[in-house]
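Visitor: I am new to reading protein models. Please walk me through this one.

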Amino acid sequence: MGLSEQVSRVPSVESDIIVGVIDTGIWPESPSFLDRGYGPPPPKWKGSCEVSPQFSCNNKIIGARSYRSNGQYPINDIKGPRDSDGHGTHTASTVAGGLVGEASMLGLGSGTARGGVPSARIASYKVCWSDDCFDADILAAFDDAIADGVDIISLSIGPTSTREYFDNPFGIGAFHAMKKGILTSMSAGNEGPRPFTIRNFSPWSLSVAASTTDRKFFTGVQLGDGRKFNILLGKHGGQGIGKG
């Protein structure tokens with residue numbers, strides 16, 4: 001996004017902010033989630049971590065839970081809060097990932113990656129799997145996040161079609177969070193810029209639109225007859241919602 005790394009920050013204050021990320025889980029070994037320099041979680045934190053031989057939290061990822069109310073797991077998914085998809089790790093690093101130097105996409109677009117509040121703590125709530133994100137799991141995650149003591153909830157998932165408020169777990173969960181003074185930041189959807197495509201729009205939450213970066217990646221190709229062409233590999237952009 002071109003933000004300057006020289007902007008004055010107050011890590012001692014930012015590190016007391018706990019972001020609850022409701023998504024596909026998290027990959028704790030990512031360099032975005034190293035906890036060097038962090039003290040213990042803030043005293044207000046009341047949550048927990050589903051520890052296993054394959055998963056543990058630290059002083060950056062201070063909590064992680066998974067939800068599957070029907071008890072039936074897709075064959076290729078990882079049980080527990082570990083991210084089977086990558087989307088939850090992506091969104092968690094976007095909001096609160098630490099600074100990672102020399103980051104790139106297969107060597108393209110090299111630079112420093114960082115989240116919006118890189119010193120904040122993360123609590124991950126895995127509600128989405130390869131087959132779906134179920135309403136009961138979403139509401140359970142909202143309840144736990146509120147009780148755990150998060151300061152803000154980040155939700156980059158949404159329904160595939162518009163739903164009435166009383167039948168919408170995103171709107172219901174965000175309403176309960178709002179009553180406790182917790183803002184829910186939700187993605188607007190992936191169907192724009194066509195009209196009537198926003199999915200999360202409850203007035204008690206913050207709907208966030210996707211953004212793009214005007215950047216293209218080219219590679220040179222030379223044919224056998226000597227002609228040379230620049231081939232467009234792809235265009236880098238952002239998405240506001242990845243599930244649902």
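Visitor: What covers the buried residues of α2?

Guide: Contact here means heavy atoms within 4.5 Å. Helices (H or I, at least four residues) and strands (E, at least two) are DSSP runs, numbered from the N terminus. The cover of the buried α2 residues includes β5 (121-126) and β1 (18-23).

Visitor: What should I know about the model itself?

Guide: The model is predicted: local features need pLDDT of at least 70, side-chain atom pairs count only at pLDDT 80 or more, and totals for chains, interfaces and linings use all residues. Residues are numbered from 1 along each chain as its sequence is written, and side-chain values use heavy atoms, with hydrogens and water left out.

Visitor: How many of the ten residues of helix α2 are buried?

Guide: Buried means under 20% relative accessible area, exposed over 50%, partly exposed in between (1.4 Å probe, protein chains only). In α2, the buried residues include His87, Thr91 and Ala96. Helix α2 spans residues 87-96 and is mostly covered. The buried count is seven.

Visitor: Is glutamate 102 buried or exposed?

Guide: Glutamate 102 is in strand β3 (residues 100-105). Its phi is positive, about 55 degrees, though glutamate 102 is not a glycine. Most residues other than glycine have a negative phi. Because its relative accessibility is 73%, glutamate 102 counts as exposed.

Visitor: Where is phenylalanine 196 found?

Guide: Phenylalanine 196 also is not a glycine, yet has a positive phi of about 60 degrees. With a relative accessible area of 81%, phenylalanine 196 is exposed. Its place is the loop between β7 (183-187) and β8 (206-208).
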